[in-house]
Amino acid sequence: MSVDMETQRHALVTGGGSGIGAAIALALVDAGMHVTITGRRLDVLELLAARHPGKMQAVVMDVADATSVAKAFTQAKTQFGPVQILVNNAGQAHSAPFIKTDAALWQQMLSVNLTGTFHCTQAALPDMVVAKWGRIINVASTAGLVGYAYVAAYVAAKHGVVGLTRSLALEYAKKGITVNAVCPGYTETDILRESIANVVVKTGRTEEEARAEFSSGNPQGRIVQPEEVADAVRWLCGKAAASVTGQSIAVSGGEVMN
Ligand code: NAP
C-alpha cells in the first residue's frame, strides 16, 4: 500500500473491467481505495469485482449515454459514497482512412472517447466541489498529443480530451480539484490485439511483423504494459501530486515529448 495515499476514498474507473482500466482499478484497490468499475458488460466487471469483495463493485454504464451515466453514479454512491477520484478510461479506437471515415464512425469515436469523458466529469464534479477535494484523471493517448494516419476520428477525440483536461484544470484550480491526463503509447490490451489483427487481415503481414511495427514507434522498442499506466494514475491520486494539474503525461517510452 502506498504511504502517500489517503485510503478509503471512492474511485470510479470507467472501462474498468479490462486492459488499462482493470490495471488502474487493481492499483487503486491495492492503495486502499474503494473502487467502482464500470462498463457495458456486467459479466466482465463482476468477474473482476468478485475477487475484491467489499472493496470493488461492478456497475453497468455506457459512457456515451448521459442517462446511463447518471444512473450508474447514483448506484455507485449507494455503496461507497460520493466519487472522489474519477478515472475516465473507457475508450474505443477504430481505424479507417479519413476519406472512408463515415459520419457514424466519426460520431462513435467522439461519443465514447470525448463526450463520455464530458458526461462522467459533469456527474462527478458537484460532489468534489462540495468536498473541496477531487482527482480527475483522463486516459487520453499519445494520439491526444500528436497525429497518426488512419485514425483521424480517434486522434481528434483524444486531442479533445487533452483540451478538456487543460480547461478544467484552470476552472477548478482553486477548488482542491486536479485534472490531468495520462497518454499511453501502444499498450498490451485488447485494443492493441484488435489493431494487430486488423493489420494482419488488411496487409497479409504475420502477427509478429505487425506487432514489431507497433513496438518500433516506441524508442524503448517495446509495448507499454497496463500496470505502467496504472502506476502513473495512482501517483496522480496521491498527496505528492497535489500541485500537478492540467498536465498530459506521456507513458510511451519517449515516443512523445511535450
Ligand atoms: P480495452 O481493454 O478494450 O478497454 C476499453 C474499455 O472501455 C473496456 O473495458 C470497455 O468495456 C470500455 N468501453 C468501451 N466503450 C464503452 C462505452 N460506450 N461505455 C462504457 N465503457 C466502454 O482497451 P484499453 O487499451 O485498456 O483502453 C483503455 C483506454 O486506454 C482507452 O481510452 C484507450 O483509448 C486508451 N489507450 C489505449 C492504448 C493501447 O494501446 N491499448 C493506447 C493509448 C490509449 P465494455 O466493452 O464492457 O463497455
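Residues are numbered from 1 along each chain as its sequence is written. In this predicted model, local features need pLDDT of at least 70 and side-chain atom pairs count only at pLDDT 80 or more, while totals for chains, interfaces and linings use all residues; side-chain values use heavy atoms, with hydrogens and water left out.

Helices (H or I, at least four residues) and strands (E, at least two) are DSSP runs, numbered from the N terminus. Thr14 belongs to strand E1, residues 10-14. Its relative accessible area is 2%, so Thr14 is buried (under 20% relative accessible area; exposed is over 50% and partly exposed is in between, with a 1.4 Å probe and protein chains only). Two backbone nitrogens make polar contacts with its side chain. A polar contact is a pair of N or O atoms within 3.5 Å; within protein, one must be able to donate a hydrogen and the other to accept it, and residues adjacent in sequence count only if both atoms are side-chain atoms. The backbone nitrogen of Asn89 is 2.8 Å from a polar atom of the Thr14 side chain. For the backbone nitrogen of Ala90, the distance to the Thr14 side chain is 2.9 Å. Contact means heavy atoms within 4.5 Å. Leaving aside neighbours within four places in sequence, Thr14 is in contact with Thr38, Met61, Val63, Val87, Asn88, Asn89, Ala90 and Cys120.

Thr115 lies in helix H4, residues 103-131. With a relative accessible area of 27%, Thr115 is partly exposed. Residues up to four places away in sequence are not counted here; Thr115 then touches Val63 and Leu110. Ala66 is 49 residues from Thr115 along the chain, and their C-alpha atoms are 9.2 Å apart.

Two helix pairs were examined. Two packed helices are described by the angle between their axes and the distance between the axes. Axes are lines fitted to C-alpha atoms, for helices over the stretch in contact, and angles run from 0 to 180 degrees between N-to-C directions. Helix H3 (residues 66-80) packs against H4 at about 40°, with the axes 9 Å apart. The crossing of H3 and H4 is right-handed (the near helix is turned clockwise from the far one by less than a right angle; anticlockwise is left-handed). From H3, Ala66, Val69, Phe73 and Lys77 meet His119, Cys120, Ala123, Ala124 and Asp127 of H4. The residues of this contact are 6 nonpolar, 1 polar and 2 charged. Here Ala, Val, Leu, Ile, Met, Phe, Trp, Tyr, Cys and Pro count as nonpolar, Asp, Glu, Lys and Arg as charged, and the others, Gly among them, as polar.

The axes of helix H6 (residues 190-203) and helix H7 (residues 207-216) come within 9 Å and cross at roughly 120°. H6 and H7 are therefore oblique to each other (under 35 degrees is roughly parallel, over 145 roughly antiparallel, 65 to 115 roughly perpendicular, and the rest oblique). Their crossing is right-handed. Leu192, Ser195, Ile196, Val199 and Val200 in H6 meet Glu207, Ala210, Arg211 and Phe214 in H7. This contact of H6 with H7 comprises 6 nonpolar, 1 polar and 2 charged residues.

Two loop residues complete the account. Lys132 sits between H4 and strand E5 (134-139). Its phi is near 55°, a positive value in a residue other than glycine. Lys132 is exposed, at 64% relative accessibility. Tyr150 is in the loop between E5 and helix H5 (152-171). Phi of Tyr150 is positive too, near 70°. Tyr150 has a relative accessible area of 56%, so Tyr150 is exposed.
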